[in-house]
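Colleague: Before we discuss any classification, could you show me the model, so that each label can be set against its definition?

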Amino acid sequence: MSVIYLDNAATSWPKPPCVEQAMSRFLAHDAGNPGRAGHRMAIACERMLDRLRVQLSRLFDAPDPQRVIFTLNTTDAINIALKGVLRSGDHVVTTTLEHNSVSRPLQALADAGTITLTRVPATDDGFIAPADIAAAITPTTRLIACTHCSNVLGTIQPIDAIGALARDRGLLLLVDAAQSAGVLPISMRQMHIDLLAVAGHKSLLGPPGTGALLLSDRVDAAPWREGGTGGDSSHPVQPAEYPYRLEAGTPNTVGLAGWAAALEEIERIGPGNMLEHERKLAARFTDAFRGDDRVRLLGPDDPGRRTGIVVFTMESIAPQELAALLDESFGIAVRAGLHCAPYIHRQLGTFPDGAVRVSPGPYNTVRDIDLLIDAVRLIRDQSEFVS
Ligand SMILES: Cc1ncc(COP(=O)(O)O)c(C=O)c1O
């Protein structure tokens, strides 16, 4: 049975063919270890990385390509950011929408007594009110950490307003753009973002093992890991210059070559078109079940305030069971559970079982969604009959 993949919020699939081609080509010809003073393969690799830093800094209107740090994924980027900038005694304002990638490292720092933490609740329909962030700021607040888009509800957060607030109060702003990079426009300069964490492997269509942390020129981050950089080896400590200050060890060069190719595909598709396509597919599903009291659609109705993520529960069947049935009997891959975001599920009243999340990507079709709708209807009717 071929798979209908609707779990693009976890990682996008399939990848554009150019990704695989670029990775094979790179592995066959250029996969030296990047180093500024090395041989031709090392130099070719370094050039590829430099070009990718420029591509990413253009895409996100970042001030300096040298402040684009390659990471393993979004989680890695967030850890480098938090552990690099936070100091003992700092207060951090964050939100109940956060993924564990943000909330767990912050909680660990709070539990260790390094920082204090305020978690601002989202509104009932899944948005953060800038006024609530403002009210949580104290004299020791140093950082606001907020997602751009909820990975549970797809709700788009007012980062412009939160960024303006952070800038007015002299605070740093960390934005988790795991779910938005590639589908929503992001300008670090206009939105006053200081630390932008992105996944290469989600809507930016790159392979797993890719991500980046982009820094504004207001950020001074200490290295979270130290080691070789391929550059000047004579110093006993990590170099002061970015990106090498925050990059230690051999990078995922093959993955990054694939990511660079994926970014060209994104330009071809056009980020606005990707969003429109995914929203259209999401609306097809929600239209099919709106008003159906046996299928509870979560989150706001207004599609203009969300990306293409749809999340729902059914009273007659648990989310995990429903997802397993969709997989085993219909070949449809969706994600059930808490989606690594327990705080918002508590607020939605869906803790601990969570919900079922459907996340279409650029290569899904109307037919994929129609097959999902038919399958959910069948399961709904049969599970009611059984229960
Ligand atoms: C909002 C959000 N933040 C962070 C992450 C973690 O991303 P990664 O798997 O790239 O570490 C995810 C992954 O689903 C996410 O949705």
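Modeller: In helix 3, the residues that count as buried are Thr74, Thr75, Asp76, Ala77, Ile78, Asn79, Ile80, Ala81, Leu82 and Val85; a residue is called buried if 20 or more other C-beta atoms, placed from the backbone, lie within 10 Å of its own, exposed if 12 or fewer do, and partly exposed in between. This is a predicted model, in which local features need pLDDT of at least 70 and side-chain atom pairs count only at pLDDT 80 or more, while totals for chains, interfaces and linings use all residues. Residues are numbered from 1 along each chain as its sequence is written. Helices (H or I, at least four residues) and strands (E, at least two) are DSSP runs, numbered from the N terminus.

Colleague: What makes helix 3 count as mostly covered, and what covers its buried residues?

Modeller: Ten of the twelve residues of helix 3 are buried. Their cover includes strand 2 (68-71), helix 4 (100-111), strand 5 (141-147), strand 6 (172-176), strand 7 (195-199) and strand 8 (211-215), where contact requires the C-beta atoms of two residues, placed from the backbone, to lie within 7 Å.

Colleague: Why do you say that the buried residues of helix 9 line one face?

Modeller: The buried residues of helix 9 are Met274, Leu275, His277, Glu278, Leu281, Ala282 and Phe285. Seen down the axis, they fall within an arc of 165°, so they line one face of helix 9; the arc is that of the directions from the helix axis to the C-beta atoms. On the other side of helix 9, Gly272 and Asp287 are exposed.

Colleague: Which residues of helix 6 (residues 159-168) are buried, and where do they lie around the axis?

Modeller: They are Ile159, Ile162, Gly163, Leu165 and Ala166. Their arc is only 160°, which puts them on the same side of helix 6. There they pack against helix 5 (130-136), strand 5, strand 6 and helix 7 (188-191).

Colleague: Why does leucine 372 count as buried, and which residues does it touch?

Modeller: Leucine 372, in helix 12 (residues 366-386), counts as buried because it has 24 C-beta neighbours inside 10 Å. Leaving out residues up to four places away in sequence, leucine 372 touches Ile4, Leu6, Phe285, Ile332 and Val358. Leucine 372 and leucine 6 are 366 residues apart in sequence, yet 9.3 Å apart in space, C-alpha to C-alpha.

Colleague: What makes the backbone at leucine 205 and at cysteine 340 worth a remark?

Modeller: Most residues other than glycine have a negative phi, and most peptide bonds are trans. Leucine 205, in the loop between strand 7 and strand 8, has a positive phi near 65°, and its 29 C-beta neighbours inside 10 Å make it buried. Cysteine 340, in the loop between strand 12 (335-337) and helix 11, has a positive phi of about 60°, but is only partly exposed, because 16 other C-beta atoms lie within 10 Å.

Colleague: Which peptide bonds are cis?

Modeller: Among them are the bond joining tyrosine 242 and proline 243, with omega about 5°, and the bond from phenylalanine 351 to proline 352, with omega near 5°. Proline 243 is in the loop between strand 8 and helix 8 (253-269), and proline 352 is in the loop between helix 11 and strand 13 (355-358).

Colleague: How many residues of each domain are in contact with the other?

Modeller: The chain is divided into domain 1 (4-13 + 270-386) and domain 2 (17-268), with bounds from an automatic or database domain assignment. In domain 1, 25 residues are in contact with 30 residues of domain 2.
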